[in-house]
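Below are my notes on the structure you sent. They are set out as numbered points, starting from one side chain and ending with the chain overall.

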Amino acid sequence: MRRYLVCLLGLTLWSCGQIAERKQPSPSLQQLANSDLDLSGEQLANGYCAACHVKPEPEVLDKVTWESKVLPDMRKRMGLYLPEDFGTALPEDEGIPEGIYSKTPMITREKWEKLLTYYLENAPEKPIVQADKQSPKLGIPGFDLEVPQFPIVRSSLTTMLKVHSESGQLWLGHRFRSLFVLDSKNGFAQLDSIPTPVAPVELRWNTNGTFDLLSIGLMDPANDSLGVLANYSHSGDNWVIRPIEEKLMRPVHVEFADWNGDGREDHAISHFGNHLGKLSLYLSDSVGFKELILKKDPGARRTIAVDFDGDGDLDMLALMTQAKEAIVLFENQGSGKFREESLLTFQPAFGSSDFRYEDMTGDGHPDLILVNGDNADLSQILKNYHGVRIFENDGSGEFEESWFYPMHGASALEVGDFDQDGRQDLVAISFFPDKTQRPKQNLVYFRQSSKGDFDPFVMEYTPDLHWLTISKGDLDLDGDVDLVVGTFAFDELYRPATSHWTPFAVLRNLLK
């Protein structure tokens, strides 16, 4: 759900050849548009494209995608319309908020032609293919595949899976206003069906028998504020819903922790949004919670509470997607103040989708694990840089990529010592796989055979299902960790269900 954003009025350029060497403040985009400096296409790209995010190099997309999709959208965002645009819908006609597309030109047609030529002359004719990699072996060692059969006809549109740690019950969020509780020890028989706002995406159980549920609102790209974080409690045979936060902008993740150190839980909500969005921290105070907006950008995907600097209070790691892709540290300064630092930044077509902060090498320093493969917007082509990455922590909070496995459309992951050999393993799923690839690689299990060395495995039999979610937990309470993978059937989105419900598959751990 990525968008190629450019800065509008008031933002300055980062690096622009001879401009960067001037001793005076860099010009704004408006000043650059009106200047008579003779800049090359590359220099213009360094200025315009890198004003808000990491500049994408021409080779990240093929020539056709640049010319027909990405660059025309970038041009319109800068307020430059050409004769070929006549008859096409304007941003306001499509419900896009003001300020996303400039109403005044930020670039002249002459400068645009030079920038366009730079990208088209340097882009490959076809997308660059994946680098050579270790071919995955058939059959995931230590796991047995189960695809539960349900006799009812229902759309297989799973948006959330959670395994209850004490009971092993599987809690399943459905796009159509439902949360199902399934008995994992009795053929996943349905124990409860709880009405919810559309598309539950995150859940946390509380010690008092209640649970907190985050619902996204509209799942399709939209600028709505229908998301809700609510507490659910039992009253007889019914569930009582108490809203905690409302009017959320397509929220996709919530993290609970005590960031202000007052002994009460706060919560951070990733408002993914669409054209608009934000990352908000809701700090407890005497009357409830007070919102602190940490970033006013769309694309917040996940947060992790951690004492990153070891000073005794909680900091926050956040994955920001959309155009300004980055893993960001918000260092707690006390008194409700946080210092922002980008630990890793990526170009806007990178497709960051999910991340974790775990010690993958056993050296005592947590590393950053990232999957990137979001492929839903303007550049829907196979990308050689999509995959699974480990950025190793050098012990001082600096991170360097130490391992990369190419994987088209990588979208979610889980980390754990699944074979209990003392080394962390990985499993990743793809929402946008290469459907022609053999063996099929929409789920890859990476067993760490030695420090930093991972052997890839895929299912020997791969059901014809489309994965959206993955979760780990001990379903049968036998002391090992199972995996549950959620199904999202595109063809059942906008028509009545006609087939039996197949909401998930289980990789049952056979260790114990």
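**Notes on charged pairs and overall build**

1. K114 is partly exposed, its relative accessible area being 27%. Please keep in mind for this and every later point that the model is predicted.

2. K114 forms a salt bridge with D38, and their closest N and O atoms are 3.2 Å apart. The pair links distant parts of the chain, 76 residues apart. K114 belongs to helix α4 (residues 109–122), while D38 sits in the loop between α1 (29–34) and α2 (41–48). D38 is exposed, with a relative accessible area of 64%.

3. A second salt bridge joins the side chains of D85 and R75, at 2.6 Å from N to O.

4. R204 pairs with D212 in a salt bridge, with 2.9 Å between the closest N and O atoms. D212 is buried: its relative accessible area is 6%, and the cut-off for buried is under 20%.

5. Which residues are linked in a network of salt bridges? They are K295, D297, K324 and E340.

6. For the whole structure, the search finds 26 salt bridges. As background, side chains of opposite charge can pair when their charged atoms come close. The protein chain carries 49 positive and 78 negative side chains. The centres of these two sets lie 5 Å apart.

7. On secondary structure, the protein chain contains four helices and 29 strands. Its radius of gyration is 24 Å, close to the 24 Å given by the globule rule for 512 residues, so the chain is as compact as a globular protein of that length. The C-alpha trace spans about 75 × 55 × 50 Å along its principal axes.

8. Buried residues make up 57% of the 512 residues in the protein chain. The accessible surface of the chain comes to about 22100 Å², and carbon and sulfur atoms account for 50% of that surface.

9. How much of the contact set comes from residues 24 or more positions apart? Among contacts in the protein chain with a separation of 6 or more, such residues account for 53%.

Conventions: Residues are numbered from 1 along each chain as its sequence is written. This is a predicted model: local features need pLDDT of at least 70, side-chain atom pairs count only at pLDDT 80 or more; totals for chains, interfaces and linings use all residues. Side-chain values use heavy atoms; hydrogens and water are left out. Helices (H or I, at least four residues) and strands (E, at least two) are DSSP runs, numbered from the N terminus. The radius of gyration is taken over C-alpha atoms; the globule rule is 2.2 Å times the number of residues to the power 0.38. Buried means under 20% relative accessible area, exposed over 50%, partly exposed in between (1.4 Å probe, protein chains only). Contact means heavy atoms within 4.5 Å. Accessible areas come from the Shrake-Rupley method with a 1.4 Å probe; for residues, only the protein chains shown count as cover. Lys and Arg count as positive and Asp and Glu as negative; His and the chain ends are not counted. The place of a charge is taken as NZ of Lys, CZ of Arg, CG of Asp or CD of Glu. A salt bridge is a side-chain nitrogen of Lys or Arg within 4 Å of a carboxyl oxygen of Asp or Glu.
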